[in-house]
Amino acid sequence: MKAVVLYRAGGPENLRLEDRKIPSASQGKVLIKIKSFGLNRSEVMTRKGYSEGVHFPRVLGIECVGEIVEDPSDEFRKGQKVAAFMGGMGRDFDGSYAEYAVLPKTVISSFESSLPWDVLGALPEMFQTVYGSLFSALTIKRGETLLIRGGTSSVGMLAAQLAKSKGLKVISTTRNDDKVSLLMENGADEVLIDDGNLSKQISEQDLKVDKILELVGTSTLKDSLSSVARGGIVCMTGMLSEQWSIKEFEPMDYIPAATFLTVYDSGQMRVDGKYFQEFINEIENGNIHPKIKKVFKLEEISEAHSFMESNSGGGKIVVVL
């Protein structure tokens, strides 16, 4: 089989395509023939050496969709469509940047769909992250105002659609004036240009923001905490800024009184597979339209990583095998 192997941290050119023997599934695991997978910012960070505990060589990739080839327990039938994500994929053990992968059953969800593989490949981690952030962490409710900071990211764009479908007012942000129409067409009620000081804009415009989905990360988190109404919730889910930590963090100074800060991490919490099937059904029914920015082939993985780092936004990057 073909697999993309990272032998040492560094640039996209360090991702090497090579031939490997197709592995066999052992008890508690399944062998999957991978059909497609989405690219994620965390994989870029792992490639750069920012993910602690990752040992090389490693096949990256924290999600995929494909078909069951082998399951020693016979829980999954051969040819069954499945999605896999997180649970140590691409970090603790080899992930999805390959034609086949042996994965723990704990990271697998089966589904039925007639959608093409490029669309399906965009969904697992994006859905898990958005659904978990909105419903588990932010506990969104009809009539609230949600601000999505990092609105042109694939997660930001899907979050806007899901929030709108639940009756929320959505404010999305972008640093680029040229992306305003993209966000409005995606369902945003209002778009703010992120100059790093959204709290001032929100105050000047007398906006009341109940919940904030923070996708940029630690570099803008303090400003987001100052932007939400008292009693509101800020959920830090993304790290588009590629900064893991906050230096000299002082909670009493950093977090405004009676403001709630939480995170969503799909490595700690998983959304039940039945909701993933419901989400797929919504796409098939035309109610949700996931945005795909560009599709690459496995042998183009270095170009795909470079494209992700260009920060063009506007949808998910997918690799099809």
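Analyst: A charge sits over a ring if NZ of Lys or CZ of Arg is within 6 Å of the ring centre and within 35 degrees of the ring normal. Here Lys 294 lies over the face of Phe 307, at 5.0 Å from the ring centre. Likewise, the charged end of Lys 81 is placed over the ring of Trp 117, 5.3 Å from its centre. This is a predicted model: local features need pLDDT of at least 70, side-chain atom pairs count only at pLDDT 80 or more, and totals for chains, interfaces and linings use all residues. Residues are numbered from 1 along each chain as its sequence is written, and side-chain values use heavy atoms, with hydrogens and water left out.

User: How is a pair of aromatic rings described, and how many aromatic pairs are there?

Analyst: A pair of aromatic rings is described by the distance of the centres and the angle of the planes. Rings of Phe, Tyr and Trp (its six-membered ring) pair if their centres lie within 6.5 Å; planes under 30 degrees apart count as stacked, over 60 as edge-to-face and the rest as tilted. By this rule the count is nine aromatic pairs. In one of them, the centres of Phe 37 and Tyr 97 are 4.9 Å apart with planes at 15 degrees, so the pair is stacked.

User: Is the pair of Phe 127 and Tyr 131 stacked or tilted?

Analyst: Phe 127 and Tyr 131 are tilted, 5.3 Å centre to centre with 45 degrees between the planes. Both lie in helix H3, four residues apart, about one turn of the helix; helices (H or I, at least four residues) and strands (E, at least two) are DSSP runs, numbered from the N terminus.

User: How does one read the packing of H3 and H9?

Analyst: Two packed helices are described by the angle between their axes and the distance between the axes. Axes are lines fitted to C-alpha atoms, for helices over the stretch in contact, and angles run from 0 to 180 degrees between N-to-C directions. The axes of H3 (residues 124–137) and H9 (residues 273–284) come within 11 Å and cross at roughly 110 degrees. H3 and H9 are therefore roughly perpendicular (65 to 115 degrees; under 35 is roughly parallel, over 145 roughly antiparallel, the rest oblique).
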